[in-house]
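Trainee: Could you walk me through this one slowly? I'd like to begin with what "covering" a residue means.
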Amino acid sequence: MSRIKSVFAELKAQGKKALIPYITAGDPHPRFTVDLMHTMVKHGADMIELGVPFSDPMADGPVIQRASERALAHRVGLRHVLEMVAEFRKEDGHTPVILMGYANPVEAMGVERFAEQARLSGVDGVLTVDYPPEECAEFVGLLQSKQIDPIFLLSPTSEPARVDLIVNQASGFVYYVSLKGVTGAKNLDMSEVAERVATIRTKTDLPIGVGFGVRDAATATAVAAVADAVVVGSRTVQMIEQSDEAALSQNLAGLIAELRQAIDAVH
Amino acid sequence: MQVYDMPDGRGHFGPYGGTFVAETLIEALDELRAMYERYRHDPEFLAEFAYDLKHFVGRPSPIYHARRLSDQVGGAQIYFKREDLNHTGAHKVNNTVGQALLAKRMGKPRVIAETGAGQHGVATATIAARLGLECVVYMGSEDVKRQAPNVYRMKLLGATVVPVESGSKTLKDALNEAMRDWVTNISDTFYIIGTVAGPHPYPMMVRDFQAVIGVEAKVQMQEMLGRQPDAVVACVGGGSNAMGIFYPYIDVDGVRLIGVEAAGHGIETGMHAAPLTANSPVGVLHGNRTYLMQDADGQIIETHSISAGLDYPGVGPEHAWLKDIQRAEYVAVTDDEAMAAFHNLCRTEGIIPALESSHAIAYASKLAATMSKDQVILVNLSGRGDKDINTVARLSGITL
């Protein structure tokens with residue numbers, strides 16, 4: 001059983017929802033990333049979503065764009081990100097790590113080589129933002145042959161037939177983008193999120209994560225009430241951006257603990 | 001002869017093109033594709049398009065025999081397809097008229113665009129004013145500085161110009177930002193992409209709207225000379241003016257198609273914008289797969305060209321395909337060669353060409369010299385150079 005699957009199963013047995021914080025690898029400096037991953041796990045993260053820096057992050061809002069730029073200033077690329085995951089795995093064999101990034105760095109490495117290196121590094125899931133299912137059948141096959149879950153986005157605008165197409169290719173969980181827009185955009189319409197998540201549930205048994213607009217404890221609680229996992233990205237990255245290096249770990253720990261509490265408050 | 005029929009139903013030109021976007025954009029692209037399929041052969045839509053091209057843009061653009069230039073070069077006869085004489089001064093307007101008419105039919109009150117040199121932004125702002133649509137143009141903040149007259153022109157036409165501060169602050173970043181706007185405002189916004197790149201159906205749709213250039217040229221060359229040219233030459237950034245003139249010629253035997261990229265300071269310096277000529281690796285950017293200037297980590301690298309309109313790290317996927325099947329040839333011309341061609345054309349023919357088009361003229365002049373006097377080269381003179389006089393003056397050490 002994949003790490004993602006087993007963590008969701010454990011949480012379900014405990015009646016809990018998953019907290020999946022996102023940070024961009026190499027932000028603010030590559031020397032912090034692995035420690036920050038451990039810190040987040042220690043304070044309540046169930047899985048880690050690790051962003052692969054890209055020069056042209058088309059689906060991201062300004063907060064995550066700036067994180068990418070900070071990481072790229074230290075020339076952090078996909079190879080380094082995989083090394084960071086391998087480093088993290090030396091001390092943590094349990095927590096799933098999901099890479100989130102864009103197609104071009106993967107293609108530059110070569111899809112086969114990437115899938116193999118990702119497996120060796122201990123990556124559990126890969127979300128490639130600009131690979132819709134129609135364009136990545138080969139890639140999905142490669143990942144699954146390495147026991148890596150391909151994670152796909154579902155959007156508020158996905159038609160029912162597309163939802164079917166996507167859930168049939170996905171494994172691990174599906175990621176519902178809770179608003180029309182880029183990462184970190186405006187406020188969520190929770191009733192729409194609840195309705196869409198309910199619709200997706202009729203089509204798949206996969207756990208459903210919700211993200212793209214979770215900005216505080218209150219929205220985390222609201223999302224946890226309807227979803228299986230809460231993904232928090234721009235908020236964590238913003239915390240990193242606004243923290244002095246000395247306070248970085250402590251501030252992020254505080255934020256994760258607060259989100260954990262908010263999510264657990266649902267039950 | 002085999003009939004050229006590209007792209008496939010999902011926008012692939014062989015291994016290139018496609019729809020590489022986040023899920024949040026898929027529905028908007030599906031809607032656009034469906035609407036374009038509905039109207040691309042619709043007689044009423046095509047009649048309205050043709051009417052605006054004639055009465056608003058001023059088409060057909062003439063073919064002009066550059067006699068003095070041809071004599072000076074001393075080889076093949078050089079003819080220009082005069083896209084510089086269009087309303088707004090370049091070929092860009094052909095496509096914006098087409099897309100804006102589509103936006104109107106789709107009931108979208110707001111259009112957005114990206115722009116590099118500002119020509120596509122001006123062309124979009126122009127048609128938006130004519131149709132009463134709200135218009136927002138994204139432009140890299142570096143380009144805003146380089147192209148001040150066009151920024152003011154867009155504002156005069158009622159558009160909002162948004163300077164983009166992210167990344168390299170040029171055309172590619174403007175495109176990223178326009179995509180972000182579109183995904184956020186899908187329900188009321190139509191994104192008018194200015195070149196034959198982006199996710200399907202854009203490369204096909206922009207090509208189709210620009211194909212009027214080549215369709216006219218074929219008729220005009222026949223009328224004027226009773227024959228077709230031996231070579232068609234056009235500059236290639238994203239590649240819309242080149243695709244527009246190449247496309248109707250793809251199935252015509254004996255016509256060489258030559259795309260001229262920007263070699264900047266020289267291909268060997270790495271400071272250029274010529275992914276095809278340099279054989280850059282294939283990758284994915286802005287919704288399509290194509291040749292792409294990038295580093296070993298797959299990060300898109302900064303490009304260089306004297307011409308803002310050619311300063312783009314990728315190239316339209318159909319050009320990538322035409323290169324691979326060897327139906328078109330791709331070459332590159334340096335900043336210096338383009339500048340020399342610019343000055344030369346001003347004085348030999350009384351035409352101030354755009355710096356983009358100057359690349360095509362520079363290569364055509366070199367090529368003509370190797371050909372005989374009874375041969376013919378048709379150059380797409382894609383735009384006029386008024387917008388570039390500040391750049392040229394600065395490079396000549398003159399303050400206007």
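Mentor: Let us begin with the term contact, which here means heavy atoms within 4.5 Å, and please keep in mind that this is a predicted model.

Trainee: How many residues does helix α3 of chain A have, and how far does it reach?
Mentor: Helix α3 of chain A runs over residues 62-73, which makes 12 residues, and its first and last C-alpha atoms are 16 Å apart, close to the 16 Å expected at 1.5 Å a residue. Just after this helix, A:Arg75 takes a positive phi of about 55 degrees.

Trainee: New topic: where does UniProt place the "active site" feature?
Mentor: The UniProt record, which is an unreviewed entry, places that feature at A:Glu49 and A:Asp60. A:Glu49 sits in strand β2 (residues 48-51) of chain A, while A:Asp60 is found in the loop between β2 and α3 of chain A.

Trainee: Is A:Glu49 buried or exposed, and why?
Mentor: A:Glu49 counts as buried because its relative accessibility is 1%, and the cut-off for buried is under 20%. A:Asp60 is buried as well, because its relative accessible area is 7%.

Trainee: What does A:Glu49 touch?
Mentor: Leaving aside residues up to four places away in sequence, A:Glu49 touches several residues, including A:Tyr22, A:Met100, A:Tyr175 and A:Val231.

Trainee: Now pockets, please: what volume does the largest pocket have?
Mentor: The largest pocket has a volume of about 490 Å³. It is lined by 22 residues, and those closest to its centre are A:Phe8, A:Ala9, A:Asp205, A:Leu206 and A:Pro207. Helix α1 (residues 3-14) of chain A gives the largest share of that lining, with 5 residues.

Trainee: And the second largest pocket, which residues lie nearest its centre?
Mentor: Of the 23 residues lining the second largest pocket, the ones nearest its centre are A:Ser55, A:Leu72, B:Gly167, B:Lys172 and B:Ile300. By class, the lining has 6 nonpolar, 8 polar and 9 charged residues.

Definitions and conventions
Residues are numbered from 1 along each chain as its sequence is written. Chains are lettered from A and ligands numbered from 1 in the order in which they are written. This is a predicted model: local features need pLDDT of at least 70, side-chain atom pairs count only at pLDDT 80 or more; totals for chains, interfaces and linings use all residues. Side-chain values use heavy atoms; hydrogens and water are left out. Helices (H or I, at least four residues) and strands (E, at least two) are DSSP runs, numbered from the N terminus. The expected span of a helix is 1.5 Å times one less than its number of residues. UniProt positions are given in the numbering used here, feature names are shortened, and annotations may be inferred rather than shown by experiment. Buried means under 20% relative accessible area, exposed over 50%, partly exposed in between (1.4 Å probe, protein chains only). On a 1 Å grid over the protein atoms alone, a cavity is a set of points where a 1.4 Å probe fits but cannot get out, and a pocket is an open set with protein on both sides within 12 Å along at least five of seven lines; lining residues have an atom within 4 Å of a point. Grid points are joined across faces, edges and corners, and a volume is the space filled by probe spheres set on the points. Ala, Val, Leu, Ile, Met, Phe, Trp, Tyr, Cys and Pro count as nonpolar, Asp, Glu, Lys and Arg as charged, and the others, Gly among them, as polar.
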